[in-house]
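Subject: Structure for you to look at

Hi,

Here is the structure I said I would pass on. Have a look at it first, and then read my notes below.

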Amino acid sequence: GVLVLSLLLMVLLRKKTFTAERDTVNFSVAGQGVLIRSERLYSAEGYGRAEYIAQEGQVLSAGSPIADVYSNDYSDKDYAALKELQEKILDYQQNNAQSGIIDEDMVALNKQIAAKTDEIRAVITGAQAGSLDQLQRDIRLLMEERADILRRAAKEDSQLSAFYAQEQTLITKIQNYKRTLVAESDGVVSFYFDGTETLLTPENMELLTVKNINNILNGTFSYESAAAQSKPLYRLVDRNEWYVALVMDKEVTEFAQDTAVTVTFSFGADYTYTASVVGHVSESGKELYFFRFSEDVDKLLRARQVSVEVSARYVGIRVPVSALKEKDGQTGVYYVHEGKKEFAPVEVLIRQDKIAILRAVGA
């Protein structure tokens, strides 16, 4: 039989029946824990200098460029020589440009370059907020655009041809030192590290202890010892697979395996996610619970120590705990059907005090 609102449950011990009713029970508990992301760390062995192409927190598809890295034998002198030469070329081009052809475009570009230069100066002095890396990328693109216009407009003579040849030689030399790193898979990129990345991984979760988590929460964890041998260059994070390990002082019976819960982080109401309980370890009188999330991790890309409220809302049939019985290894209730006592297997959603909220198996 299927449980319905009007069914009559029989509590055998008391030899009496009652009408089961639909009810809702809310549950909530607060706790502290650590956030664990599914991510891969990447380093560039043998490379000493990097120029980032992607921005912190940028969502990338496989093959997207992340950074240009330069080998250890790369010389900044070559880079400086190229910049100096390009300034000479720019001056020569401007002096030899065909009058009137580029005036309008050049005026507009020069204004944009001047504005970006002012923004960079303001960010450096702290007068305004902004990404210095992004501003420098913007101004570099504008200057490249200006150089292209001038290259097309300037009359090429023997001097300019010699400059172009020298420029190409330096560019080729620098390119030989350079390698562009691209994303191996889809994900969100980050250049920020806290030193626990090699310890706090989904693969390591079953090895984590309450002591590990508490040491991180208390600030007594040795970050240096857990760091990789060489400093990573970036990490590529799976947006839709991440976890929270939560330490509780006592067992929370509502955290039954696979239970769906709502988790609100202390950063604000807009940091509310749905999670499921995927693991539980009892250790030294403490309980360690693992929650799995499948929503975008983007806003929590740098979070590690977290304070959360875990809540759930259970809707089902409300019965006394004493009405729950075991038969053939199944939990269920007895009910009256056409005057006869019958057994119905049930799924217990939550037990709270002496009340249980349940639903019929398969309902």
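What follows is a short tour of what I found.

Some ground rules first. This is a predicted model, in which local features need pLDDT of at least 70 and side-chain atom pairs count only at pLDDT 80 or more, while totals for chains, interfaces and linings use all residues. Residues are numbered from 1 along each chain as its sequence is written, and side-chain values use heavy atoms, with hydrogens and water left out.

**The overall picture**

The protein chain has 6 helices and 17 strands. Helices (H or I, at least four residues) and strands (E, at least two) are DSSP runs, numbered from the N terminus. Out of 363 residues, 40% count as buried (buried is under 20% relative accessible area, exposed is over 50%, and partly exposed is in between, with a 1.4 Å probe and protein chains only). If you take contacts between residues at least 6 apart in sequence, 73% of them join residues at least 24 apart; a contact here means heavy atoms within 4.5 Å.

Two strands pair if DSSP finds at least two bridges between them.

**The largest pocket**

The largest pocket holds about 1,100 Å³ of space. Its lining has 31 residues, and those closest to the centre are Tyr 79, Lys 83, Gln 86, Arg 140 and Glu 144. A pocket, on a 1 Å grid over the protein atoms alone, is an open set of points where a 1.4 Å probe fits, with protein on both sides within 12 Å along at least five of seven lines; lining residues have an atom within 4 Å of a point. Grid points are joined across faces, edges and corners, and the volume is the space filled by probe spheres set on the points.

Which elements supply the lining? β4, β6, α1 (76–96), α3 and α4 each give at least two residues, and the largest share, 12 residues, comes from α3. By class, the lining has 14 nonpolar, 4 polar and 13 charged residues (Ala, Val, Leu, Ile, Met, Phe, Trp, Tyr, Cys and Pro are nonpolar, Asp, Glu, Lys and Arg are charged, and the others, Gly among them, are polar).

**Two buried residues**

Arg 146 lies in helix α3 (residues 132–153) and is buried, at a relative accessible area of 10%. Leaving aside neighbours within four places in sequence, Arg 146 touches Leu 90, Met 106, Leu 109, Asn 110 and Ile 113. Met 106 is 40 residues away along the chain, yet the two C-alpha atoms are separated by 6.9 Å.

Ser 38 sits in strand β3 and is buried too, at 16% relative accessibility. With the sequence neighbours again left out, the contacts of Ser 38 include Pro 202, Leu 236 and Asp 238.

**Strand β13 and its partners**

β13 (residues 305–320) pairs antiparallel with β3 (residues 21–42) over 14 bridges, with Glu 21 opposite Arg 318. β10 (residues 260–265) also pairs antiparallel with β13, over 4 bridges; there, Thr 264 stands opposite Glu 309. β17 (residues 355–360) is another antiparallel partner, with 4 bridges.

**Two loop residues**

Most residues other than glycine have a negative phi. Ser 284 has a positive phi, near 50 degrees, and lies in the loop between β11 (272–283) and β12 (286–293). Asp 328 also has a positive phi, of about 55 degrees, in the loop between β14 (325–327) and β15 (330–337). Ser 284 is exposed at 71%, and Asp 328 is exposed at 73%.

Happy browsing!
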